[in-house]
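Here is a short briefing to read alongside the sequence and the 3D view. Take it one topic at a time and look for each part as you go.

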Amino acid sequence: MNKKHINIPVFIPHLGCPNQCVFCNQKTISGVMEFDPSQVDRIITEALSTIDISSSDVEIAFFGGSFTGIDYSLMCELLSIAYSYVKKGSVSSIRLSTRPDYIDDRILNTLKKYGVKTVELGLQSVSEKVLQTCKRGHTALDAEKACRLIREYGFELVGQMMIGLPGSSLEDEMNTAEFILRNGASGARIYPTVVLQQTELKDMCLSGIYTPLAVEDAIMRSKEVARFFIKNNIDIIRVGLCASENLHSEETYFAGPNHSALGELVYGEVYYDLILEELKFLTEDDVKGKRLNIEVPFGAKSKAIGQKRKNILRLQELYGFSLVNVEENECLSAYEIKIHF
């Protein structure tokens, strides 16, 4: 039986990062204004009390800031707490997120000592122009070096990238996706840029320097990146920020592609493209008035149908099908499509 993967998130808001990227306000987005290390044990214990660990693959995840940039003794203290749960068998592993310029041999040896399995690296963009505009504080060469070291030490690498940053184009974003693939990542997160309150990016919006992407543009650009990752067997962990990340509040959110189902909308476009590819050799005479049956992998039905049946309606309008039906087939692998009439 495949176990359900569950992260126990522990947010470390901005403690490890003296840099202030124009888009960043980690205290706002995590909902954590102050960090109390003494509460970490309680956070993990309370989370575990709600989880059936016999049927779950549980991981402690240090998110929110640049974990490897915090005070070294504090980092070791937090890792030691997390590792105690690994040794007890309550959780299977530890993951963390950090920046490329906070990766070196000493850090990676420490992470190895405390049983860390996965390092999520905030790559955001590998365009030097975009990195400079966003005041990211490191270069693409720094990112490449960090990826190489992480892989050499045997960690799983996940690349976190952003869509629609100031000065960024779809070409830049595809280059970043290619960089993530080329440097050995097994997974990726895709984050369309949302403008948060109390950030320089908000000021850039107000002054007209930056215009955030519309939801539809963010969906289409994210879809192109997602399709690249899917084609190259990179696991997409998430598209878009979590609904829990306070984006419903005017105190947090200012502008940009903020949609509660953004990931679902992106996957809807992915499946629409996949269906069209299966139909591209057919003419209108081949299909008009016929019933189309589409088989998709287990769990993908809602994505293939699209929000508010968008994909069904588009296929009927484009090809003239009398009916479009979507069924799940447990024998199909991820993103595999079968059609018949």
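This is a predicted model: local features need pLDDT of at least 70, side-chain atom pairs count only at pLDDT 80 or more; totals for chains, interfaces and linings use all residues.

Residues are numbered from 1 along each chain as its sequence is written, and side-chain values use heavy atoms, leaving out hydrogens and water. Helices (H or I, at least four residues) and strands (E, at least two) are DSSP runs, numbered from the N terminus.

**The sheet**

- Seven strands make an open, parallel sheet in the order β1-β2-β3-β4-β5-β6-β8; two strands pair if DSSP finds at least two bridges between them.
- β1 (4-11) and β8 (235-239) are the edge strands with a single partner each, so one side of each has no neighbour in the sheet.
- From one strand to the next, the twist averages 25 degrees; axes are lines fitted to C-alpha atoms, for helices over the stretch in contact, and angles run from 0 to 180 degrees between N-to-C directions.
- Six bridges join β5 (residues 156-163) to β6 (residues 187-192) in the parallel sense, and I163 sits opposite P192 in β6.

**Helix α3**

- Buried residues in α3 include L74, L78, I81 and Y85; buried means under 20% relative accessible area, exposed over 50%, and partly exposed in between (1.4 Å probe, protein chains only).
- Among the elements covering these buried residues are α2 (40-48), β2 (56-63) and α4 (105-113), where contact means heavy atoms within 4.5 Å.

**Salt bridges**

- The whole structure holds 15 salt bridges, each a side-chain nitrogen of Lys or Arg within 4 Å of a carboxyl oxygen of Asp or Glu.
- E120 and R95 form one of them, with the closest N and O atoms 2.4 Å apart. E120 is in β4 and R95 in β3, so the pair ties together parts 25 residues apart in sequence. Both residues are buried.
- D273 and R227 meet in another, at 3.6 Å from N to O. This pair links helix α10 (residues 262-279), which holds D273, with helix α9 (residues 215-231), which holds R227.
- K223, E224, R227, D273 and E277 are joined in a network of salt bridges.
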